[in-house]
Amino acid sequence: MSDTEAIAETVDGFLADPRMLRIQRDAALVADLALGGFEGREYEVFEDRLLRDSMPILRGMLRSGTFITLSVRRFEERGIPFFVSSENRQLLHSSDAERDDIIVDVLMSARKMFRKQALLNCGWNPNFGGTKGACCLLTYFIGRCMWDFRRVYLRWVKERERVARVEAALLDPEAFFSLLTALPHHGEPETILYSGAFMELLDAQPPETRAVVRLTCEGYAAGEIADRLKSTPGAVRTRLYRFRRDLYQAASERKIWIPVQLHVNGVREQQRSAG
């Protein structure tokens, strides 16, 4: 079975209308949209509907692994290396959030080339008479998504690896220092930051609090920290408040250095900048 036919059968399972009826309806719609040069409000409504209709189909195909298998096969047939590990296949099967992260990026990328190739360059042909036959616009669009999947997937893998290194380093001060050159640095010199009484106090905190404090001192706002640690801005601010309370108490009893990002005024200024 060809890729197009496999996609078409999947689309048929989601939609009640017969395939040929959809093709005829799409042909009339494309003719109308062509009058406006595939631009304007009418085209935006069409594009929004196309993305909305594609989302549940892509979710199902990514969950089952069909989307990955077909996309990998397309690239391999053209001599382009593309490999999806079994671990990532399983993650995309089990995690709604990870699937949606990839699907949204794929849709945003595919919609641009779809307009150019399928519509402006007449790549979609409702009268196609080859062995594969004609397909509806939704099937054609999902096929376009398969071409964009490789680039989006590789970027997703790199980002997951980067976040994993950062999160692991947050629990290991020595490893964390090695990452400072790769991270945007807006804070105090690390040789001053992670030393002396301040470091002793920080080491006594729970791992989540240490992570919040370190990222705050690196210049990240509460929302950004929450995203990185899979938490909420409220939880981040609560941990920061409790640590700052202990820090000021320690500072009143002995000489201890307080990073500017942990000053009450500094945090307020950072929140205003982030907003």
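The lining of the second largest pocket divides by class into six nonpolar, no polar and eleven charged residues, where Ala, Val, Leu, Ile, Met, Phe, Trp, Tyr, Cys and Pro count as nonpolar, Asp, Glu, Lys and Arg as charged, and the others, Gly among them, as polar. The structure is a predicted model, in which local features need pLDDT of at least 70 and side-chain atom pairs count only at pLDDT 80 or more, while totals for chains, interfaces and linings use all residues. Residues are numbered from 1 along each chain as its sequence is written, and side-chain values use heavy atoms, with hydrogens and water left out.

A pocket is here an open set of points on a 1 Å grid over the protein atoms alone, with protein on both sides within 12 Å along at least five of seven lines; a cavity is a set of points where a 1.4 Å probe fits but cannot get out, and lining residues have an atom within 4 Å of a point. Points are joined across faces, edges and corners, and a volume is the space filled by probe spheres set on them. On these terms, the second largest pocket holds about 420 Å³ of space. Its lining has 17 residues, of which D101, E159, R160, V163 and K230 are the closest to the centre. Helix α7 (137-170) gives the most to this lining, with nine residues; α6 and α12 (222-229) also supply at least two residues each. Helices (H or I, at least four residues) and strands (E, at least two) are DSSP runs, numbered from the N terminus.

What of the enclosed space? Rolling a probe the size of a water molecule over the atoms shows where empty space is left. The elements giving two or more residues to it are α3 (40-64) and α6 (96-120), with the largest share, three residues, coming from α6. In the lining of this second largest cavity there are seven nonpolar, no polar and no charged residues, whereas eleven charged residues belong to the lining of the second largest pocket.

The chain as a whole has 14 helices and zero strands. Of its 275 residues, 41% are buried, meaning under 20% relative accessible area, with exposed set at over 50% and partly exposed in between (1.4 Å probe, protein chains only). Its accessible surface, from the Shrake-Rupley method with a 1.4 Å probe and, for residues, only the protein chains shown as cover, is about 14,900 Å², and 53% of that belongs to carbon and sulfur atoms. Contact means heavy atoms within 4.5 Å; among contacts between residues at least 6 apart in sequence, 68% join residues at least 24 apart.

Two helices can be taken in turn. Helix α1 (residues 3-14) has twelve residues and reaches 17 Å from its first C-alpha to its last, close to the 16 Å expected, that span being 1.5 Å times one less than the number of residues. Beyond its neighbours within four places in sequence, D12 is in contact with R19 and R22. The C-alpha atoms of D12 and T139 lie 9.2 Å apart, although 127 residues separate them in sequence. In helix α11 (residues 207-217), nine of the eleven residues are buried, among them R210 and R214. Just after α11, G219 takes a positive phi of about 100 degrees.

Backbone angles also pick out two loop residues. Most residues other than glycine have a negative phi, and most peptide bonds are trans. C122, in the loop between α6 and α7, has a positive phi near 60 degrees and is exposed, with a relative accessible area of 58%. K230, in the loop between α12 and α13 (233-253), has a positive phi of about 55 degrees and counts as exposed at 67% relative accessibility. K230 is also one of the residues closest to the centre of the second largest pocket. S231, likewise in the loop between α12 and α13, is partly exposed at 35%. Not counting residues up to four places away in sequence, S231 touches A226 and V236. The C-alpha atoms of S231 and E208, 23 residues apart along the chain, are separated by 9.7 Å.
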